[in-house]
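Student: I would like to learn how to read helix packing and aromatic pairs. Please take them one at a time.

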Amino acid sequence: MTTLLPFAIDFHVHSDDSYDGHEPIELILEHAADIGLDGVVITDHDEISESLRAAEIAPEYGLIGIPGVEVSTRHGHLLAIGVEERPDPGQPFMDTVEAVRARGGIAIVPHPFQRSRHGVRKRHIEDADAIETYNSMVFTGYRNRRARTFARRRNYPEIGASDAHYLPNVGKAYTEIIVASEDASATKADIDGDALVDAILEGRTQIRGKRTPIHKSTIQYTKGAIRKSSYLVTKRTPLIPTIPSSMDRSEPRRS
């Protein structure tokens, strides 16, 4: 007898290891457990160290641990889920997709087509493992609807996520994944990250949640823009420390 187990996972969350993130992973994990999620994937911008640590300590919070990273490809952002090594930033989009797969992960396209958020354009998405068709940080539903239409026409699995950079936004949107086990007595504690990845690839996903309130989205975008502008100015100014210094780590290498 097959047992169906639903997991609520937010696949797109930023910690303070992102230049525009704010909370430490411990606080994020505690909050995720408090609001009833089964897991969160820390996907910092071109940084994976805190995500690896979060995946390691997630069971202490009653959560399943899955590492990840948001990679800055040459053509836009890509979520690398289930990897333990970050693919090199600054490479062509499809090369990065293959690099994610070679590391045993799945490649999910976040906020596609949104140029202001480094979304990958349609012409560059020759292949992927899933599409983020519901991102809670969009101001209107148009971009999500466009992503959903694209995914369904090409039969891509669909993912929902919060894209949270602040703690209150974690879990605003998430993905419910149905994992099938042949063990009739199986519980969630018996399921690992690989089983979740397999369920995603098989399309056993449902999007849950709602959009982040516009005023909260605006605050997140504004603060992120200010931090990036400060970095660009101070990077070019001699004798002034780069602010925020974390962006030096997040700059993609070009080839």
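Student: How are two packed helices described?

Tutor: Two packed helices are described by the angle between their axes and the distance between the axes. Here helix H1 (residues 25-34) and helix H2 (residues 49-57) pack at about 45°, with their axes 10 Å apart. Angles under 35 degrees count as roughly parallel, over 145 as roughly antiparallel, 65 to 115 as roughly perpendicular and the rest as oblique. H1 and H2 are therefore oblique to each other. This is a predicted model: local features need pLDDT of at least 70, side-chain atom pairs count only at pLDDT 80 or more, and totals for chains, interfaces and linings use all residues. Residues are numbered from 1 along each chain as its sequence is written, and side-chain values use heavy atoms, with hydrogens and water left out.

Student: Which residues in H1 and H2 meet?

Tutor: Contact means heavy atoms within 4.5 Å. Ile25, Glu26 and Leu29 in H1 meet Glu50, Arg53, Ala54 and Ile57 in H2.

Student: How many aromatic pairs are there?

Tutor: Rings of Phe, Tyr and Trp (its six-membered ring) pair if their centres lie within 6.5 Å; planes under 30 degrees apart count as stacked, over 60 as edge-to-face and the rest as tilted. The count comes to 2 aromatic pairs. Phe113 and Phe150 are edge-to-face, at 5.2 Å centre to centre with 80° between the planes. The ring centres of Phe150 and Tyr156 are 6.1 Å apart and their planes are at 25°, so this pair is stacked.

Student: Is Tyr156 buried or exposed?

Tutor: Buried means under 20% relative accessible area, exposed over 50%, partly exposed in between (1.4 Å probe, protein chains only). Tyr156, at 12% relative accessibility, counts as buried.

Notes: Axes fitted to C-alpha atoms, helices over the stretch in contact; angles between N-to-C directions. Helix = DSSP H or I, 4+ residues; strand = E, 2+ residues; numbered from the N terminus.
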